[in-house]
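Me: I'd like to learn how to read a few features of a protein model. Can we go through them one at a time?

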Amino acid sequence: MSNQELRNEQEFIDRLYARVDVLRGRAAESLAGALAPVGRGRQALLERDVAVAERSGLLAALDAVDGSLCFGRIDLTAGGHHHIGRIGIRADDPELTPLLVDWRAPVARPFYLATGHTPMGLRRRRHLTTEGREVTALHDEILDLDDTERTGYEDPSGDAVLLAALNSARTGRMGDIVQTIQAEQDRIIRAPHRGVLVVEGGPGTGKTAVALHRAAYLLYEHRELLAKRAVLIVGPNPAFLGYIGEVLPALGETGVLLATQGELYPGIRATGTDTPRAAAVKGRADLADVLAKAVADRQSLPDPVIAIEHDRDLLLLDAGLARVARDRTRALGLPHNVAREHFEGHLLNTLTDMVAERIGTDPYDGSNLLDPSDITQIRDELGENPGVWAAIDQLWPVLTPQRLITDFLADPAHLPDGDAAAIRRTAGAWTPADVPLLDEAAELLGEDDRAERAAAEADRQQRIAFAQGVLDVSYASRTYEFEDKEELDDDASEVLSAHDIMDAERMAERQEEDDHRSAAERAAADRTWAFGHIIVDEAQELSPMAWRLLMRRCPTRSLTLVGDPAQTSQEGAVGSWAKILEPYVQDRWEHTRLAVNYRTPAEIMDVAAAVPRAGDPGFEPPKSIRATGVRPWLRAADDLPAAVARAVAEERPAEGRVAVIAPRELHAPLARRLEGVREGGEPDLTLPVVLLDPRQAKGLEFDVVLVVEPARFGASDLYVALTRATQRLGVLHRDPLPAALREVPAGEWAEG
Ligand SMILES: Nc1ncnc2c1ncn2[C@@H]1O[C@H](COP(=O)(O)OP(=O)(O)OP(=O)(O)O)[C@@H](O)[C@H]1O
């Protein structure tokens with residue numbers, strides 16, 4: 001009987017893939033069709049773009065989930081069953097009957113929530129394991145206790161599939177968890193709250209996994225809205241983004257942009273680093289005011305006068321007159337560069353009045369003899385005087401964010417001396433902490449887009465002229481061809497009129513519209529893009545200035561924030577969720593917690609928890625879902641690199657990954673002793689052995705972790721480092737151990 005069960009499932013999977021192959025073929029065909037030229041008009045072009053995006057999305061989704069399409073099945077007490085998969089697939093019948101239910105659909109929900117106590121209408125839950133297109137295992141849970149039917153694949157504990165996933169060798173890339181989402185996680189993933197949702201929990205509680213699956217869920221639930229606006233995921237470093245970057249594509253979702261803080265200002269690569277103190281100062285909320293003052297400083301006054309040569313005369317612009325123009329301009333409350341147009345106008349008016357007064361005043365009664373056309377002429381002449389423009393540039397210069405911040409960092413004004421000294425920099429690369437400053441500056445400055453608008457219009461005119469030329473040539477040549485024929489069809493000229501098919505302006509517009517970039521790609525290039533949803537991982541690390549930037553990118557305030565205050569390492573991070581969120585959403589946000597540690601075995605957690613407990617005796621770590629029976633070990637060594645090399649050789653699993661987490665200054669000697677290990681740059685997490693500093697280890701996990709010289713880590717960094725292993729942990733040191741680890745009872749370490 002049991003073999004029959006397996007055969008039945010295999011038959012189903014075969015049918016499913018046959019259908020997928022048909023769908024894939026059709027999607028490829030219709031994509032080719034959608035890419036072909038379309039009819040006239042913007043609407044048609046727009047529809048074409050939408051069709052292309054949809055069909056390439058469907059193709060990408062089908063490709064991505066191939067090989068792992070179906071993973072579960074629920075049998076209903078009322079009869080019937082549903083297969084559950086990474087995406088939904090419908091049969092090719094008139095009713096389009098669902099063959100496979102998307103895991104995010106409401107019908108699939110009992111798969112994640114049903115228990116023996118609350119079976120939610122289920123008789124049985126089945127986990128299917130497949131390799132490629134072959135079913136390799138089944139695990140059944142009976143949920144209706146009165147049901148006596150047995151399949152022979154019963155899993156009495158109900159967690160064999162979960163434990164197998166948790167125990168499997170790591171690959172250096174995070175996988176999705178759709179097959180084994182736990183009830184507490186499902187509630188967060190599907191939380192109906194549309195605004196800010198905070199997901200808090202200790203190490204390994206699945207915060208990152210949950211946030212990513214929530215993004216997939218939201219993209220499914222609100223596809224119309226979110227696919228257009230894209231979802232942004234912000235993570236602490238590029239290695240982490242590489243680590244989590246395959247989860248959403250594997251779920252068929254591609255409308256997502258992953259970025260670190262340093263990548264959030266288009267056109268800037270933030271490759272520099274700051275001292276912790278400098279990063280903290282740059283991240284402080286008061287920097288917004290400081291930068292506003294720095295902009296105001298650039299709106300200067302003549303000291304004491306600017307002499308402008310005009311019409312063989314000298315105009316003396318003094319501080320008083322310039323101040324009037326400046327105050328009037330400032331009163332508009334516009335960003336600096338946008339306001340410049342108004343300053344130009346005010347200043348030209350002031351100078352026009354000066355000239356008019358000088359040349360037009362009646363010497364007898366003091367009245368002005370000039371008429372309005374004279375005044376206009378004076379103003380026009382002043383507008384052509386380079387001296388006038390030099391004065392305007394001096395008093396209200398057009399500024400770029402880069403210029404403003406470069407000048408500010410070279411000579412930081414409006415800050416206490418110590419803070420100014422901490423951030424002073426006259427050369428060097430941009431740093432991630434500069435990015436929120438650049439963004440703030442871009443907001444304060446705005447863009448004077450007059451020139452751009454004019455250039456765009458000139459460009460459009462040029463393209464219209466070009467398109468007109470192309471059409472004229474084709475029109476003329478076709479006509480010529482036909483004139484050669486003996487009998488020229490009366491209607492031929494009309495049939496061939498290119499102008500009838502598409503006029504030049506439309507052709508030019510079509511070039512403009514021909515932008516097949518996805519929403520995520522467009523978003524990456526656009527500083528002012530408003531994302532549909534933002535997920536921030538390690539959110540506890542961000543500074544107030546970074547929050548300002550992110551909130552600007554998400555005017556709807558639809559955010560998922562993931563973090564663990566106990567793992568905060570950044571100086572100057574905001575600290576409490578309420579404090580972070582109050583300025584943007586007051587108290588309208590939801591706080592959720594995850595309490596089970598899926599990553600770190602109990603034996604390792606017993607040791608790791610000593611670190612936060614040293615500062616907070618009441619500290620309770622999340623509860624590990626499993627124990628491995630293997631205790632972490634502790635080793636003192638004089639020659640640390642040799643000891644680490646030996647430990648790597650001993651511990652290295654046949655499959656899976658080892659991380660050596662060591663302070664940066666030990667990386668060079670360690671790398672020399674460890675074969676195939678690179679030092680510096682972004683770590684390649686897919687290599688069998690990687691060398692990391694504790695900050696780089698954030699959010700990651702490995703089968704085996706070796707922590708080197710723990711006394712040199714800050715407490716939260718050490719906690720992070722000790723909680724990265726899924727199987728085994730070793731600690732090596734030459735310096736004395738930090739107090740927290742000295743407190744660990746001897747029995748919690750492995751013997752010897
Ligand atoms: N329901 C689940 N099924 C299978 N694996 C799970 C489940 N939940 C979490 N995991 C796994 O547990 C590990 C830890 O998850 P994740 O990295 O999301 O935790 P985290 O809370 O973000 O951790 P940290 O704060 O320490 O970085 C991952 O390998 C993840 O795939």
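**Reading the model, feature by feature**

Reply: Let's start with P304, which sits in the loop between α11 (287-297) and β10 (305-310). Helices (H or I, at least four residues) and strands (E, at least two) are DSSP runs, numbered from the N terminus. Residue numbers count from 1 along each chain as its sequence is written. Keep in mind that this is a predicted model: local features need pLDDT of at least 70, side-chain atom pairs count only at pLDDT 80 or more, and totals for chains, interfaces and linings use all residues.

Me: Which residue is joined to P304 by a cis peptide bond?

Reply: That's D303, and omega of the bond is about -5°.

Me: How do I read the domains, and where are their bounds?

Reply: The bounds come from an automatic or database domain assignment. Here that gives domain 1 (1-167), domain 2 (181-285 + 424-470 + 500-594), domain 3 (286-423) and domain 4 (602-748). The C-alpha centres of domain 2 and domain 4 lie 32 Å apart.

Me: How many residues of domain 2 are in contact with domain 4?

Reply: Two residues are in contact if their C-beta atoms, placed from the backbone, lie within 7 Å. By that rule, 20 residues of domain 2 meet 17 residues of domain 4. On the domain 2 side, helix α8 (residues 238-244) gives the most, with five residues.

Me: And which residues come nearest to the ligand?

Reply: A residue is near a molecule or strand if its C-beta atom, placed from the backbone, lies within 6 Å of it. There are 24 residues around the ligand, and P203, G206, K207, T208 and Y598 come nearest. The elements giving two or more residues to that shell are α4 (160-167) and α6 (207-221).
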